[in-house]
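Good morning, colleagues. Please look at the sequence and the structure as they come up, and I shall then go through a few points.

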Amino acid sequence: MAYDYAPFPYVAPPGLTSPEPRHPVAIVGAGPIGLAMAIDLAQHGIKSVVLDDNNVVSVGSRAICWAKRTLEIFDRLGVGTRMRDKGVTWKVGRLFHGADEVYSFDLLPEDGHKYPAFVNLQQYYVEQYLVERAQALSDHIDLRFLNKVTDHSDHGDHVRLSVETPDGPYQLEAEYYIAAEGAGSPTRKRMELPFKGQTFEEHFLIIDVELPNSPFETEDPERWFWFAPPFHAGQSALLHKQPDNIYRIDLQLGPDTDPKSEATEEKVIPRIKAIIGDMPFRLDWMSVYKFRCAKLDRFVHNRVLFVGDSAHVVSPFGARGGNGGIQDVDNLGWKLAAVLNGAPTTLLDSYDAERRHGSDENILNSARATNFMTPKSKIEALFRNETLRLAAKHPFARKLINSGRLSQPCALADMPLQTGDHPLVGRALIDMPLPDGWLVEAVQGRFCLLTLDAQNWQVPDTIDTYALPATPERAARYGDTGAVLLRPDGHICACFTTPDAAAIQAAYARATGATP
Amino acid sequence: MIINDRLGPQGDDVYAALIAAHDGLDTDQSHALNARLVLILLNEIADPNRIAALLAEARALSSSD
């Protein structure tokens, strides 16, 4: 069944008739990143206005693979459970070379986590759930569809925006301006900011088809990836399941392709039949794309902040676009809220540093995967093909095969907000079962000291405490003594062995930008 | 970098074995064998610093540099 793209209502904004009071935050773009940003800020008590030039969710499934850490962040934002329940959970990936299976992998063999390693869910569902969540927070989120931002100017302590609507233009002011407009970011272009990186010439065809039966050999959804598949000579292919019996097919087309003629039913239907045989199907969506790996030199430009694809783009292999963007939101939300409540703006510099680090990691991984999949020279192709041949027998070569290194939570060790060199410092919290739920439900969204023993842990009022129950999962993931300080985004910023109130206060001061 | 001689008196035998491994292969097949051999040897050496030094030493004789 095809998704019903019901338009969201346009409401004439107040600024058309009289000047609006200055908004704390204007978010440009109501995609998954902009919406998540508004929800995150709302949950920290910050009001925002969200401006989008469109009035429907993403047309086409686009980002479909949501990683465990992203789902944990979405849990905090109030849509994680819904995404998990609707989404397709998959764990097993199979890799083929020609017609032969080279190897398979199982992503999360460990129990005791609320969320699986990955859930596949079409971007239009994610946006729908986020819009509904944002509408439930309407006292904090002013969601404006068919409001196209055409210009902006930074006035030092606020940004002035020009907006076009079906009823004409108006202006508004915001203390901070967040660009969450996707890869083509008009804000970035308007500011003429360099967006440097590597462009890939290869075209890829992306197709969603609805199938009555699983094309996999089992009923369990899997991720199948082919190098040189028998149905698509010399190229690569990916097959993946989404909800509603929709299957994603990705086909590498090579550099010398006419994107317009490829994205036609005439060309696409034979390609689909070559993969699934005579099974009946419904073509749901298709697109031909090229991509690059690039990022801004800085994500923070005084009062203008860039998040998601506006700040950095990656190839799709590894699912690091949407997942990387959600980590931007997670990192920025509490910091911007704190700055708006009087914390030093150095906290925003830490957003810039931490997420540029995350973006570098994502670009490195996705560029390497793309290079492996699209060899640029005979010698690159030779090493790639011989790696695939060796992999049938040798485990070491399997590890060299790169069809995407799947998104992992970013580690922030050795960065300015963190204290100490305990191995847990900088990592995202590790979920574990609690008697009445999950750790990710209980402690995210605020500074929280997870205590592991019965010492007299005393913390300032600004820090919550949570005594982790002594379970085998706790012992394996956190140990049996001491305490762990979580930031509101769930990253561990310090670990303590004894309840030294001054040390805890110092780590908190550092994590909130109060001391360098 | 100085690469120490580790083959000693077996050098001739080892070299002959390398050549013999290519017996009967055409040039493309030989290149493929060499590629596999390089990958297998990288795994045997394992140490990324050592590998980087060896790659640099091999690259140093490339005429295009």
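Buried means under 20% relative accessible area, exposed over 50%, and partly exposed in between, with a 1.4 Å probe and protein chains only. At 42% relative accessibility, B:Ala20 therefore counts as partly exposed. B:Ala20 sits in helix α1 (residues 11-21) of chain B, helices being DSSP runs of H or I with at least four residues, numbered from the N terminus.

This is a predicted model, in which local features need pLDDT of at least 70 and side-chain atom pairs count only at pLDDT 80 or more, while totals for chains, interfaces and linings use all residues. Residues are numbered from 1 along each chain as its sequence is written, chains are lettered from A and ligands numbered from 1 in the order in which they are written, and side-chain values use heavy atoms, with hydrogens and water left out.

Next, the helix packing in chain A. Helix α1 (residues 32-43) and helix α8 (residues 322-340) of chain A pack at an angle of about 25 degrees, their axes 9 Å apart; axes are lines fitted to C-alpha atoms, for helices over the stretch in contact, and angles run from 0 to 180 degrees between N-to-C directions. α1(A) and α8(A) are therefore roughly parallel to each other, the term for angles under 35 degrees.

Conventions. Helix = DSSP H or I, 4+ residues; strand = E, 2+ residues; numbered from the N terminus. Parallel < 35°, antiparallel > 145°, perpendicular 65-115°, else oblique.
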